Amino acid sequence: EVGWHQTLYKTDRREFAERGLLTARAELRSRFARRFDYKRTGELRHVLEPRLGWAYVSARQQDENPLFVPQAVVRQSRLRTLSLENLTRDPSDRIRRANRIVLGLGQRLYTRGHSRAPLIMNLDLLTAIDWDFVEGGLGGIHVDARMMGAGPFGARVVGTVDPEAGALDEAGLELSFRKRFKSPWLRQIRMTAGYRYRRRLPLVLEVDRGILQ
């Protein structure tokens, strides 16, 4: 994918200004699967999907441009690493220079109770590590896992480790419960509990006695 991100500015207080950025993205994937039989009639299927991705956003001085789309307070490094289109198609007027390579591995586990039953996904695990040429180092080690198929229960675990600092940069845990009913008055009950950790808090949360730090 190769694209051009162009923005034209014209306001009452400022003269005409423009900003153009070259973006590029490439991704190579392969998929391997193996089937295992268990309990005579059951089936377990393991799918491996290695991937290699690259994303690029050209550098451009943007200090003189009006800014209409605010930049996110929290940098979504994990989301952009696992889906590089979030980096090249960022709608923010403050889109930053980028040149990043991502090496990832996706794994999925499916089970089937008997030969006529459909395959049910029990685990979806994605791990990735990226190298940032702009900052000159490892960007982080990212994990995104979803666990399903345990009856009405499900879970999701996400996290990012900063290899240079040797610390957990962010983490999240979500537990869910879903129960379906045949009653016309009550179709479904769903409850979710989650916990999120961030090593670096956004400035908007750092308040001491009502004064923003």
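Reader: At 46% relative accessibility, is L175 buried, partly exposed or exposed?
Author: This is a predicted model, where local features need pLDDT of at least 70, side-chain atom pairs count only at pLDDT 80 or more, and totals for chains, interfaces and linings use all residues. Residues are numbered from 1 along each chain as its sequence is written, and side-chain values use heavy atoms, with hydrogens and water left out. Buried means under 20% relative accessible area, exposed over 50%, and partly exposed in between (1.4 Å probe, protein chains only). L175 has 46%, so it counts as partly exposed.

Reader: In which strand is L175 found?
Author: Strands (E, at least two residues) and helices (H or I, at least four) are DSSP runs, numbered from the N terminus. By that numbering, L175 belongs to strand β9.

Reader: Which residues does L175 touch, not counting those up to four places away in sequence?
Author: Contact means heavy atoms within 4.5 Å. Sequence neighbours up to four places away are left out. What remains for L175 is G154, A155, M191, T192 and A193.

Reader: How far apart in space are L175 and Q61?
Author: Along the sequence, 114 residues separate the two. From C-alpha to C-alpha, L175 and Q61 are apart by 44 Å.

Reader: How many aromatic pairs does a search of the whole structure find?
Author: Rings of Phe, Tyr and Trp (its six-membered ring) pair if their centres lie within 6.5 Å. Planes under 30 degrees apart count as stacked, over 60 as edge-to-face and the rest as tilted. The search covers the whole structure, and its count of aromatic pairs is two.

Reader: What class of aromatic pair do W54 and Y56 form?
Author: Their ring centres are 6.2 Å apart. The angle between the planes is 15 degrees. W54 is partly exposed at 32%, and Y56 is partly exposed at 27%. The class of the W54 and Y56 pair is stacked.

Reader: Why is the pair of F153 and F177 tilted?
Author: The centres of the two rings lie 5.3 Å apart. The pair is tilted because the planes of F153 and F177 stand at 55 degrees.

Reader: How many residues apart are F153 and F177, and which strands hold them?
Author: The pair links distant parts of the chain, 24 residues apart. F177 is partly exposed, at 23%. F153 sits in strand β8 (residues 153-162), and F177 in strand β9 (residues 167-180).

Reader: Where does V134 lie, and which residues does V134 touch?
Author: V134 is in the loop between β6 (120-132) and β7 (137-150). Its relative accessibility is 35%, so V134 counts as partly exposed. The C-alpha atom of R100, 34 residues away along the chain, is 7.8 Å from that of V134. Beyond four places in sequence, V134 touches R97, A98 and N99.

Reader: How far apart in space are L119 and V134?
Author: L119 is found in the loop between β5 (98-112) and β6. It is partly exposed, at 30%, and touches residues including E43, R45 and Y110. L119 and V134 are 15 residues apart in sequence, yet their C-alpha atoms are apart by 43 Å.

Reader: With which residues is S77 in contact, its neighbours within four places left aside?
Author: S77 has its place in helix α1 (residues 77-82). At 28%, S77 is partly exposed. The contacts of S77 are R100 and H142.

Reader: How many helices and strands does the protein chain have?
Author: From the N terminus, the order is β-β-β-β-α-α-β-β-β-β-β-β-β-β. The total comes to two helices and twelve strands.

Reader: What radius of gyration does the protein chain have?
Author: The radius is taken over C-alpha atoms, and the globule rule is 2.2 Å times the number of residues to the power 0.38. A compact globule of 213 residues would come near 17 Å. The C-alpha box along the principal axes is roughly 75 × 45 × 40 Å. The radius of gyration of the protein chain is 22 Å.

Reader: What percentage of the residues of the protein chain count as buried?
Author: Contacts with a separation of 6 or more come 51% from residues 24 or more positions apart. The protein chain has 213 residues, and the buried part is 31%.
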